[in-house]
Amino acid sequence: MAFRTLQSNVCLFLLISVCLHFITGTVAFKYLSDNRTAAISFREKCECVEETGSVQWRKITDYTIRQKEPLCNKVQIKLQLSGKQVCLNPDSKQGKKLQKCWKRIKFNTQRKKLCLKLRKKNGPKKPKRL
């Protein structure tokens, strides 16, 4: 008889502790569509808070593109200028060009300098001299 009372008390204790565990929010994870989990209670941890629309290409010495992550739900483009870092808006014309080039070189960090070279625009052809 004492064993049954002990067993029911242990079951009740476990049930209450599991309920309290979920109610207090200590397990605050959300299942994402790409099989990763992220904490709901955390704030976004984006490095780029302020973004600029464009920067002169010749002033860019290096860049870093970070794709969407569980804690930051946007693409981040960090540009290294001479002596400072600037974040570029990924939806701007320059940001889209940089992302397109980054995908074209297949995310190869050794070839990323190719994306910084200015391409000459095809203007009107000069007439040939005879």
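Tutor: Two strands pair if DSSP finds at least two bridges between them, and strands themselves are DSSP runs (E, at least two residues), numbered from the N terminus, as are helices (H or I, at least four). The model is predicted, so local features need pLDDT of at least 70 and side-chain atom pairs count only at pLDDT 80 or more, while totals for chains, interfaces and linings use all residues. Residues are numbered from 1 along each chain as its sequence is written, and side-chain values use heavy atoms, without hydrogens and water.

Student: What makes β3 and strand β4 a pair?
Tutor: Six bridges join β3 to β4 (residues 76-81), and the two run antiparallel. The definition asks for at least two bridges. Within this pairing, isoleucine 65 stands opposite isoleucine 77 of β4.

Student: How do you know that β4 and β5 pair?
Tutor: They are joined by five bridges in the antiparallel sense, where at least two are required. Glutamine 80 has glutamine 85 in β5 as its bridge partner. The two strands form a hairpin with two residues between them, and glycine 83 in the turn has a positive phi of about 95°.

Student: Why are β3 and β5 called edge strands?
Tutor: The open sheet has the order β3-β4-β5. Both β3 (60-66) and β5 (84-88) pair on one side only.

Student: Why is the pair of tyrosine 63 and tryptophan 102 called edge-to-face?
Tutor: Rings of Phe, Tyr and Trp (its six-membered ring) pair if their centres lie within 6.5 Å; planes under 30 degrees apart are stacked, over 60 edge-to-face, and the rest tilted. Here the centres are 5.9 Å apart and the planes stand at 80°, so the pair is edge-to-face. Because tyrosine 63 lies in strand β3 and tryptophan 102 in helix α2, the pair ties together parts that are 39 residues apart in sequence.

Student: How do you know that tryptophan 102 is buried?
Tutor: Buried means under 20% relative accessible area, exposed over 50%, and partly exposed in between (1.4 Å probe, protein chains only). Tryptophan 102 has 9% relative accessibility and therefore counts as buried. Phenylalanine 107, at 46%, is partly exposed.

Student: What makes the charged end of lysine 112 sit over the ring of tyrosine 63?
Tutor: The definition requires NZ of Lys or CZ of Arg within 6 Å of the ring centre and within 35 degrees of the ring normal. The charged end of lysine 112 sits over the tyrosine 63 ring, 5.3 Å from its centre.
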